[in-house]
Amino acid sequence: MLQTPGPDAGNDRFVLVATLDNVRHLSNLLKAVHFRDQATVFASANGIRVTVEAAKSVQGNAFIQACIFQEFRIEEDSVMFVVNLTVLLDCLSIFSASSLPGMTTALKMCYRGYGYPLTLFLEESGVVTVCKIQTQEPEETLDFDFCSTNVVNKIILQSESLREAFAELDMSSEVLQITMSPEKPNFRLSTFGNAGSIHCDYPKDSDMIEAFHCNQTQCNRYKISLLKPSIKALALSCKVSLRTDNRGFLSLQYMIRNEDGQICFVEYYCCPDEEVGEFET
Amino acid sequence: MRLVVTGGNVSVIGRAIHALSRIGEDCYLEALDDGLAVRTVNSSRSAFASFLFAPAFFQKYDPGILNPASEADGSQSQKENFRCKIGMKSVLGVFKSPVTLEKTVEKCKMALGRGMDQLIIQLLCKFGITKTHNLAIQDSETLQAVYDKELCPNTLRVQPKLLTDTVVHFPTNLEEVTLEVKGRRVYFRNYIEPDTDPRKTMQTEMVLTPMEFDEFSVKDQTEITFCLKGAEVTVFRGQFPNLLGLLQKPGSPGRFTHGLPSGKRGCGASA
């Protein structure tokens, strides 16, 4: 006789089971990389990584370590699938319209493996919603080949000081030019828009700069449209690190503290704009 | 030309520019001996607004520029007053959020770029952060409204809050308002086209007595109709006290001026 499994039974059939008391610990991080519909989810014993890419030039990664989850069980070495991030976020926030302040939604996320949908059980105040989201063929994500040994310059800043600069970026400029140097200006963000050029300078001894390791003057331009989505991650974070390597590739790492004070990371990689023009100082 | 503004005064300039941006698309700057004039005019040239910041408003006020053209012909280099026209959007970008300006900006420096075709505005903020805006500017003539204060028989001086409280009773989409001064009363009415069926329109009228005004000098009964949008943003929403209105007959410009107690003057005029 076939036994119909109850909602809690049959956990052995799932290759991935993850539960959270507060779904916002996941949804806030996913919003920080939500600049395209398609996301690749990669799960391992360490936790979950969600990757979003655009134009083969920019990549956003949200990391949620296994220890953030109340329960995290993975039956294989790694699990990878592609899912529609917009749909996933809509499901995770399904109770938000009617939520009273202080109420949290609990989440149980389950995945049976290749070909199966991603199943979400969401509960708030005794009401349970089940969502099944189709998964797609996993695709190779870009490897920016960014390793610490090739890092030329690194700056760690309090996010507060960078937030205003990024919020007021002149979007009529096609590029954002980032200058990092042991000489003045130590750290400069520049735009070249319709109004003229705008430079935002941070001295290396500013109270907002926690660490300043610049050995070489580097001046790189990045398409502003590619970096704009990172503003969401910046808004959530308390600290940000900017690193450039010998090719001018940019790595932005955002330290985000969730409601329970736990730390998670979001990372953006961006390749420099190929057109090398005159650099205005 | 070098100007330095410190502390809360930076956001005052920001608020003035925000007010002007609701009227015109270009901002006219002129560094006069008696202060920095920041002006604009709307596209139909029917509304003009000007803010004048006296030298005392600045930490450093050096308005002159050396005219290189006069050096070329061998004569003594003439010191002229700085004057330019700049896109409103460009200068608004410097003063995007007056609230943030108050919290973070310690000093604002303005200077003319070496090529004379750029205005450099530098904001020195907390934590050593410096923001430099190099804005393209154009030459311009002095922007002035044509009116004669002496021809105005009526003078009203009032706190802007009274006018804001009056205007709030009108429909939000109201375009034109009629102001009538008759005897010892001031009437504000929404303007209705003459051939409109009175049964199909709502008329709102606010009546003010001389007691509500700080100065009430009415020699001629006058009724004028003007565009509320232009007046509202500069005049009625102004955060500066002591609004002075000088009114003439219809067709002639009415002039509204704000005065500040410590000698700094902002003034707006609408025609």
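How many salt bridges are there between chain B and chain A? The count is 1, where a salt bridge is a side-chain nitrogen of Lys or Arg within 4 Å of a carboxyl oxygen of Asp or Glu. Let's go and find it.

**Before you click**

This is a predicted model: local features need pLDDT of at least 70, side-chain atom pairs count only at pLDDT 80 or more, and totals for chains, interfaces and linings use all residues. Residues are numbered from 1 along each chain as its sequence is written, chains are lettered from A and ligands numbered from 1 in the order in which they are written, and side-chain values use heavy atoms, leaving out hydrogens and water.

**Stop 1: the salt bridge**

Select B:Lys131 and A:Glu164. Their side chains form the salt bridge, with N and O 2.5 Å apart. Over all chains, the same rule gives 16 salt bridges.

**Stop 2: the side of chain B that touches chain A**

Now select helix 4 (98–104) and strand 11 (130–136) of chain B: these are the elements that give two or more residues to the side touching chain A. Helices (H or I, at least four residues) and strands (E, at least two) are DSSP runs, numbered from the N terminus. Strand 11 of chain B gives the largest share, 7 residues. Sorted by class, this side has 4 nonpolar, 8 polar and 2 charged residues. Here Ala, Val, Leu, Ile, Met, Phe, Trp, Tyr, Cys and Pro count as nonpolar, Asp, Glu, Lys and Arg as charged, and the others, Gly among them, as polar.

Show both chains again. The contact (heavy atoms within 4.5 Å) takes in 14 residues from chain B and 17 from chain A. Together the chains bury about 1400 Å², 50% of it on carbon and sulfur atoms; buried area is the accessible area (1.4 Å probe) that two parts lose on being put together, summed over both.

**Stop 3: strands across the chains**

Zoom in on A:Cys200: its bridge partner in strand 11 of chain B is B:Lys131, the residue in the salt bridge with A:Glu164.

**Stop 4: a helix in chain B**

Select B:Lys161 and B:Asp165, which form a salt bridge with the closest N and O atoms 3.0 Å apart. They are 4 residues apart in helix 5 (residues 160–167) of chain B, so about one helical turn separates them.

**Stop 5: two loops in chain A**

Most residues other than glycine have a negative phi, and most peptide bonds are trans. Go to the loop between strand 3 (47–54) and strand 4 (58–65) of chain A to find A:Lys56. A:Lys56 is not a glycine, yet has a positive phi of about 55 degrees. Next, find A:Pro185 in the loop between strand 11 (175–180) and strand 12 (187–192) of chain A. A cis peptide bond joins A:Lys184 to A:Pro185, with omega about -10 degrees.

**Stop 6: colour by confidence**

Colour by pLDDT, the predictor's confidence in each residue, from 0 to 100. Chain A has a mean of 90, and chain B averages 79. Within chain B, confidence is highest in strand 11, at 95, and lowest in strand 20 (residues 265–270), at a mean of 37. Residues 260–271 of chain B are below 50. Where pLDDT is low, the predicted coordinates should not be read in detail. The model as a whole scores ipTM 0.83 and pTM 0.82.

How values were computed
Pairing = 2+ DSSP bridges.
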